[in-house]
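Visitor: Please take a close look at one part of this model, the salt bridges and the sheet they relate to. A plain account will do.

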Amino acid sequence: MALSLTGLSKRFGGTQALDDVSLTVRRGTIHALLGGNGSGKSTTIKVLAGVHGADAGRLEVFGQHFPLTGYTSDTARGAGLRFVHQNPALFPELSIAENFGLANTFPVHHCGAISGKALRNSVTSTMRGYDLDFDPRTKVGDLRPADRTMIAIARVMADDDGKDAVLVLDEPTASLGQAESDHLMARLRQRADGGQTIIIVSHRLKEILSVAHDYTIFRDGRVAATLRDAQPTEEEIVSHMAGGMVSALRPEQFSSHATDQVRLEVTGLRGGALQGADLSVRAGEVVGIAGLVGSGRTSLLLNLFGRHRSTAGQMRLDGQHYAPTSIQEAMDSGVALVPEDRGAQAAFADRDVSDNISVAVHKNTWTRKWMPRARERRIAQDFIDKLSIRVRSADARFSSMSGGNQQKVVLARWLQRNPKLLLLDEPTQGVDIMSRAEIYSIIRQATATGCSVILASSDMSELVALSDRILILRDGRLVDSVDASTVDVDALTKLVMIDPRNRNHDHD
């Protein structure tokens, strides 16, 4: 046994976040913590990391006992717990060795400076233990995403010198494409097979099912199920997460709201990674954009939203010339964008929910001198109710909510403007399967009012579930188009991964 957690309880104000949670992690296994947003798994990780104090509970790590009252991040490190969070604290402009040097203890010169040669040698040796064959002088920003995550893992484990340690990964693949995610999962399973104990939190059930040995499933702050040496199906996992209401989570219930009215016409659009895109979108239609990382998916959305200036091409919105030179101009034309990086590009984390919802409509809510706070809260509460946003009140801080509820707030911000065209970039990244189904329903409700949607996603199942049509983007060009009702996930993945010029040679 590597880790045993018993009787963990944690309350935030009037909310019981964790209620008598117990967890046992076997040595040399990958143990998955699963559950919906707000179920308690992330709070459990934060207690183990010493970020949150516990109200009650006891922890044992490799035979050492630690009371959780008075437990700190230093205690966690001394216990042998090592954490890599969703956004690893790596500096892309610094070398691998420099990133290691910032976080670990390495040999120094007599004058107190770190010995560059000794640092590089030590880092090379550490990387070798993780099958990472990189020059330590390589900039972290030049690495592929999965390798950056492995560098972050090697870095937090660098000082352990073979001692027992538990590696805790919180959503390590949230920002990775499918190929990168598969690569990372294979590396993690290899580490576990070599004796490493790993706890992993992830919303991507398929990838977790491919590597995990044991599972602890949370629901409403309690452990709903513990599965040991199990091979559960995705449906069985979701049944535990949702309390048996699996059928309500299936997106196949959606029907198309596309009309014959052409909402957007784009011809020869260039800008950023785009090399020439032609497309049209009808009113009420969801057009999915599939492509590998770097194919130009995000560039397409940013050009349409006026954040990137197009260098060539023409656009028409509802038959009128459309060439936004700013975000405000795009907004005034009825275009809205939910960006990929919610935390950095769409959220005011330290502001309350009401502020985050109203920020896009200040001109409509402000009087001459001030904004009536009661009116702002009333508008926010209407959307909280309409979109089933789980939050204590409109005055709650945005950062206090789960990822799925945060994403609903960002959607509410734009939906209150009744946009003609809604641009979505990875709209359910880092969102659990239950919140994902609710977000799909919100998007489809918007299309029922005539709103058109362009959806860029690396999740093939999401594109198939939500889209009316799916466009394939490769090297900045739209190279194919398929009816979403005639394609499954495997077929779409093949269209994205294989160049059309090579599809007739699959047997070679």
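Guide: Arg26, Asp214 and Asp229 are joined in a network of salt bridges. The model is a predicted one. Asp214 is also the bridge partner, in E9, of His31. Strand E3 (residues 30-35) and strand E9 (residues 214-219) run parallel and pair over five bridges. Both belong to an open sheet of six strands with mixed pairing, ordered E6-E7-E8-E3-E9-E10. From one strand to the next, the twist averages 20°.

Helix H1 (residues 41-48) lies across E3, E6, E7, E8 and E9, at about 130° to E3. Helix H6 (residues 178-193) touches E3, E7 and E8, and its direction makes about 150° with that of E8.

Asp147 and Arg187 are both buried.

Elsewhere, Asp318 and Arg263 form a salt bridge, with their closest N and O atoms 2.7 Å apart. Asp318 sits in the loop between strands E14 and E15, Arg263 in strand E11 (residues 262-271), 55 residues apart. Arg263 is buried because its relative accessible area is 8%, under the 20% limit; Asp318, at 25%, counts as partly exposed. The whole structure has 19 salt bridges.

Notes
Residues numbered from 1 in each chain as written. Predicted model: local features only at pLDDT ≥ 70, side-chain atom pairs only at ≥ 80, totals over all residues. Heavy atoms only, no water. Pairing = 2+ DSSP bridges. Helix = DSSP H or I, 4+ residues; strand = E, 2+ residues; numbered from the N terminus. Axes fitted to C-alpha atoms, helices over the stretch in contact; angles between N-to-C directions. Contact = heavy atoms within 4.5 Å. Salt bridge = Lys/Arg side-chain N within 4 Å of Asp/Glu carboxyl O. Buried < 20%, exposed > 50% of the residue type's maximum accessible area, 1.4 Å probe, protein only.
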